[in-house]
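Welcome! Open your viewer, get ready to select a few residues at a time, and follow along.

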Amino acid sequence: MLIQKPSHMFDRDFEWGELSRFVGNPAERATLGIVSGRRRQGKTFLLDALTRQTGGFLFTATESTEADSLRQFGQALSAHLGEPTPFRFADWVEAITRLMQIAAEGPLPVVIDEFPYLAKASPALPSIIQRALDPTAQDTNSPIRLLLCGSAMSFMGGLLAGNAPLRGRAGLELLVPTLDFRLAREFWEISDLRTAALVNAVVGGTPAYRREFVADDAPTGSSDFEPWLTRTVLNPASPLFREARYLLTEETSGRDAAPYHAVLAAITDGNTRRSGIASYLGRKSTDLAHPLSVLVDAGLISHEVDAFRSNRSNYRITEPLLTFYHAVMRPAWGDLERPGRAGHVWPRMRHTFESKVVGPHFESMCRQWLRWHADDEILGEIRPASVASGTVADPDARTTHELDLVVHGRTEDGGRRLLAIGEAKWSEPLGVGHLERLRHIKRLLVAKCEPGADSARLLLCSGSDFSETLQQAQASESDIALVDLNHLYG
């Protein structure tokens, strides 16, 4: 079945294709799919368009009691079927049994959006759906394509995990991600690359932040970026102003948000390792297991293993707006809450923004680009298998060297091979001193017999500029690659 994607829908070609394939499955039995993703990524928009195109049924749950949810569901289903009287289901067993029978004329998408709300009020609901999908129950089912959708990442991920009732029942598990920095620039329609990178460092790739939250207000150019900040994110009348606080509350299921804000503040301040976070908070490292796991499960931070030392890892915030809030807004919250103060606050926070927000975000952009977009001219014929940061010991100097970029590939025999090491600086012009540092680290890696180190390329990524001497070195030495915003945005 070919379902035409609406012309007004930006990107989401992969997601739409997978949903179309799932709905178009000709099987005569009912099938199950799971759709998840953080809030405001357009999941409901996507599924609403799907049901409109196909005549399917979409029910959006709300936080309520079991009895009220059943009442709402019965009213919505009867309206969809054109029944003159709303259904009055005694329980969810009866409701799901009736739902399974509504696709009398062939495969039909049936969406239950905000499914975690229903499951919270009715914990047995996943088991009821599981029983309705059992082979013994399929004789009375019609070919509905049941899609359970939700934003509570830890809950949705657990629906198909371990001994969960629905494990092994789903034919689709679709994650709707944020737009990457290249797509985000297209979505925001920003022509100036530096401005696009700055906006992405603040709001990331969440589609709703442009449409609903700032009403399509985008910077008109580099000179408009700071005025845009003061009239949107730093404006107490803007929905974006408190979004970081609400986002954390939503994603942590109403728990006390203070410990999670503290962890995010520590990471924002540059403490990316567990020991550093613990020291920043004045806590034992073992005390951080719960808040860190909750934030990872919610998709708000990532856990990345060091490229050279498997026993070391870094935690990084994946939602740029949280980094911006903790670096720029939280320290000046009292001032910012007063209307008209943003213009006074921003000048003293500008340097913090550059160092703690844009700098780390630019490094992340470079890692994404190297993993998914860099061509053979940059990395050679072996495609990257991983891109991470790394730590290299220097025994003679009794120190360690941090690398922003470490690219590994896989050889034909399955071995790991170093393809490149590099440095990424947003505002600091790169020169020969940075190149010599990379050369020294490369020699250390060769001495340690790191596979591929002798031929690894040296990457210097800049959001600012390269010295003339460095450009001359690149022209004469084939192992040097200079990467600027033109490369990143392709």
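This is a predicted model: local features need pLDDT of at least 70, side-chain atom pairs count only at pLDDT 80 or more; totals for chains, interfaces and linings use all residues.

Residues are numbered from 1 along each chain as its sequence is written, and side-chain values use heavy atoms, leaving out hydrogens and water.

**Stop one.** Select helix H4, residues 92–99; helices here are DSSP runs of H or I with at least four residues, strands are runs of E with at least two, and both are numbered from the N terminus. Its buried residues (under 20% relative accessible area, 1.4 Å probe, protein chains only) are Trp92, Ala95, Ile96 and Leu99. Look down the axis of H4: these residues fall within an arc of 90 degrees, so they line one face of the helix. That arc is taken from the directions from the helix axis to the C-beta atoms.

**Stop two.** Next, pick Glu114, in the loop between S3 and H5. Is Glu114 buried or exposed? Glu114 counts as buried because its relative accessibility is 13%. Beyond its neighbours within four places in sequence, Glu114 is in contact (heavy atoms within 4.5 Å) with residues including Arg39, Thr60 and Cys149.

**Stop three.** Finally, show H1 (residues 13–23) and H2 (residues 43–54), whose axes come within 11 Å and cross at roughly 45 degrees. Among the residues making the contact are Trp16 and Leu19 of H1 and Leu46 and Leu50 of H2.

How values were computed. Buried means under 20% relative accessible area, exposed over 50%, partly exposed in between (1.4 Å probe, protein chains only). Axes are lines fitted to C-alpha atoms, for helices over the stretch in contact, and angles run from 0 to 180 degrees between N-to-C directions.
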